[in-house]
Amino acid sequence: MTRLPTSTAPDGTRYRDLNGNGRLDPFEDPRLPAAERVEDLLGRLSLAERIGLLFHTVIESGEGGTLLDGPGAISKTGTREVVLGKHVTHFNVHALGTARVAARWQNALQELAEEAPHGIPVTISSDPRHGFSENAGASFAAGAFSQWPEPLGIAALRDVDDCRRYADAVRQEYRAVGIRAALHPTLDLASEPRWARQLHTFGQDPQVVAELGLAFLEGLQGEQLGEQSVACTAKHFPGGGPQADGEDAHFPYGREQVYPGGRFADHLWPFRDVLAAGTAAVMPYYGMPVGLELDGEAVPEVGFGYNRRIVTELLRDELGYDGVVLTDWELINDNHVGEQVLPARAWGVEHLDPLGRMQLLLEAGCDQFGGEECVELLAELVAVGRVDEARVDASARRLLLVKFQLGLFDDPYVDEDAAAASVGTDELRRAGHAAQAQSVTVLHDPEGLLPLADVERRVYVEGMDPEAASALGTVVDRVEDADLALVRIQAPFEPRSDLFLEAWFHQGSLDFPPGLPVRLARLARHCPLVVDVTLDRPAVLAPVLEVADAVVASFGSSGPALVEALQGAARGRLPFDLPRSMADVREHAPDRPGFEDPLLPCGHGLSAGVSPGVAAGSPRRPGAR
């Protein structure tokens, strides 16, 4: 592998001679408009190169920043084969090491791409990786990056400036290691309390989600896509929250999206501003609308990516979007990983073979196949006349434009030393830590126990590092010896592990096991009890509120950040309603944001130590904003 030297044209223009012909071609000319460069390059590319642009698959880095010779844990093909053999140039990266190693790997990948006939640079994308959640199908824990609350926690801050600062931190650290596309923000509404994907949303309120989504876009892309930008993918169009029975559309049992409340417009709302602001890409959801009518006509009951009524007629024609439409992952082929399988999410078109599925996705208006690298299928569709080359070119044109706008053709490389110095800096870590503490939300404190005063005390803890808890006092092993008990628990879920990815998704009932409140009550008999509940989904909290002296919610907070929150930093507000019971949840329309009579409403958040006497079942209702 070699890194191309910069060449100089007779007029002094410096450029990268990507096709190695010894002259400055228009697509290599940094002075020309991006659209003009696209047209020049598109006319030079072979069909195989154009086809490769339409695929966006998973990639993994090797040890020490090397390229993998063969398949990885999830990636299907060795890096050299998929880049040079299949001409794929868009990759969703999974696990990364240190910032230096990540930068080294991306540079090696870009050097490999230079060996292709026209040296098309690689675009590396990522699911969210600045929080706490580790889920190969949705997000990665922060690792070397600064760590912030999950997007639900950013929503709990209810501040567009905070969200913009968070997004700018993400942009800085992504760019430093060569990640130039974010497979977020997630603009879905958290309208179905059981749905597993709420953690990465901005909550249930359409206006809040719209405002924070736009702030996030501004933080990553800026006013327009450029060399300092990270391209955003707004998802999951036209809103992935209203899942039947709260089941997730990754899995066959969760394929249906339903709108019994008639609230489709609420779910579409957050996308409008982001589309107008120029998000680089949009991702339709897996879900299959059932019983949905738009303008008096039934919407076809096929997954949104397959749905021409949604992608072409609504997104492109009605909303005027002409950017990239990237499908969600693996709509065409089943995914086999080890002993497990995840069926292709071809909801409503399961009867079609992979060729038919690919053709239908293109006819619907999609540009790129997420999680797929089956370039031979598209080549076959073109060869037999089922897909025109002009249709391939239309998508290739959109995809190349983003690469040019990001400046990848002029310099796709990053500096290892700069990456090591700028990722996870003290400044960014402090900002993330502060957001973790401030996003903690006080739900229940009838006696004004919070904030915890700085006094000598003995503390009993569960679910938390004793070293972090020592900032509150001397940690003891027995609650009988304590002056305060602090317990951290996770919102309830039903473990599942049959299908690939299931084990990482928290689904099912929101009821705590019956033994939990009994055990908490026993602790509370000995000393005041503070309970923190990590809410990746709403929980039926009434049994906990009845026995604890104070209850707070967190959305991704370290132990030290929680301690600071309990000492007075907490200022969060609930990003969604908390239901009174699972009976209420089952009766609730999945597309309707919020309940008529919640236990605690969206926007609820007590000022620590200033709101005594608020009963668990009838809290004061703050304003919506």
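User: What is the volume of the largest cavity?
Analyst: The model is a predicted one. A search of the whole structure returns six cavities of 30 Å³ or more. Among these, the largest cavity has a volume of about 230 Å³.

User: Which residues lie closest to the centre of the largest cavity?
Analyst: By class, the lining of this cavity has ten nonpolar, six polar and six charged residues. The lining has 22 residues, and those closest to the centre are Asp-127, Ala-136, Gly-137, Tyr-286 and Trp-329.

User: Which elements give two or more residues to the lining of the second largest cavity?
Analyst: The second largest cavity has a volume of about 150 Å³. Its lining has 16 residues, with His-90, Ala-181, Ala-281, Val-324 and Val-402 closest to the centre. By class, the lining residues are ten nonpolar, five polar and one charged. The elements that give two or more residues to this lining are β7 and α12 (389-405).

User: How much space lies in the largest pocket?
Analyst: The largest pocket is lined by 22 residues, and nearest its centre are Ser-133, Leu-199, Gln-490, His-506 and Asp-536. Its lining residues divide into eight nonpolar, nine polar and five charged. The space in this pocket comes to about 410 Å³.

User: Which strands stand at the edges of the eight-stranded sheet?
Analyst: The eight strands of this open sheet pair in parallel, in the order β13-β9-β7-β6-β5-β4-β3-β16. A strand at an edge has a single partner strand, so one side of it is left without a neighbour in the sheet. The strands in that position are β13 (324-325) and β16 (369-370).

User: Which residue of β5 is the bridge partner of His-90?
Analyst: Strand β4 covers residues 90-93 and strand β5 covers residues 123-126; the two pair in the parallel sense over three bridges. His-90 is also one of the residues closest to the centre of the second largest cavity. Its bridge partner in β5 is Thr-123.

User: Which are the edge strands of the six-stranded sheet?
Analyst: This open sheet has mixed pairing and the strand order β17-β22-β21-β20-β18-β19. An edge strand here pairs on one side only, and the two concerned are β17 (441-444) and β19 (474-475).

User: Which helix packs on this sheet, touching β20, β21 and β22?
Analyst: Strand β20 (residues 484-490) pairs with strand β18 (residues 458-462) in the parallel sense over four bridges. Within that pair, Val-461 has Leu-486 of β20 as its bridge partner. The helix that touches β20, β21 (529-534) and β22 (550-554) covers residues 559-569, and its direction makes about 125° with that of β20. That helix is α18.

User: What is the radius of gyration of the chain?
Analyst: The chain has 19 helices and 22 strands. Its C-alpha atoms fill a box of roughly 80 × 55 × 45 Å along the principal axes. The globule rule gives 25 Å for 625 residues and the chain's value is close to that, so the chain is as compact as a globular protein of that length. The radius of gyration is 25 Å.

User: What is the phi of Asp-295?
Analyst: Asp-295 is found in the loop between β11 (293-294) and β12 (297-298). Although Asp-295 is not a glycine, its phi is positive, at about 55°.

Note on methods:
Residues numbered from 1 in each chain as written. Predicted model: local features only at pLDDT ≥ 70, side-chain atom pairs only at ≥ 80, totals over all residues. Heavy atoms only, no water. Pairing = 2+ DSSP bridges. 1 Å grid on protein atoms, 1.4 Å probe; cavity = no way out; pocket = protein on both sides within 12 Å on 5 of 7 lines; lining within 4 Å. Points joined across faces, edges and corners; volume = space filled by probe spheres on them. Nonpolar A, V, L, I, M, F, W, Y, C, P; charged D, E, K, R; others polar. Contact = heavy atoms within 4.5 Å. Axes fitted to C-alpha atoms, helices over the stretch in contact; angles between N-to-C directions. Rg over C-alpha atoms; globule rule 2.2 N^0.38 Å.
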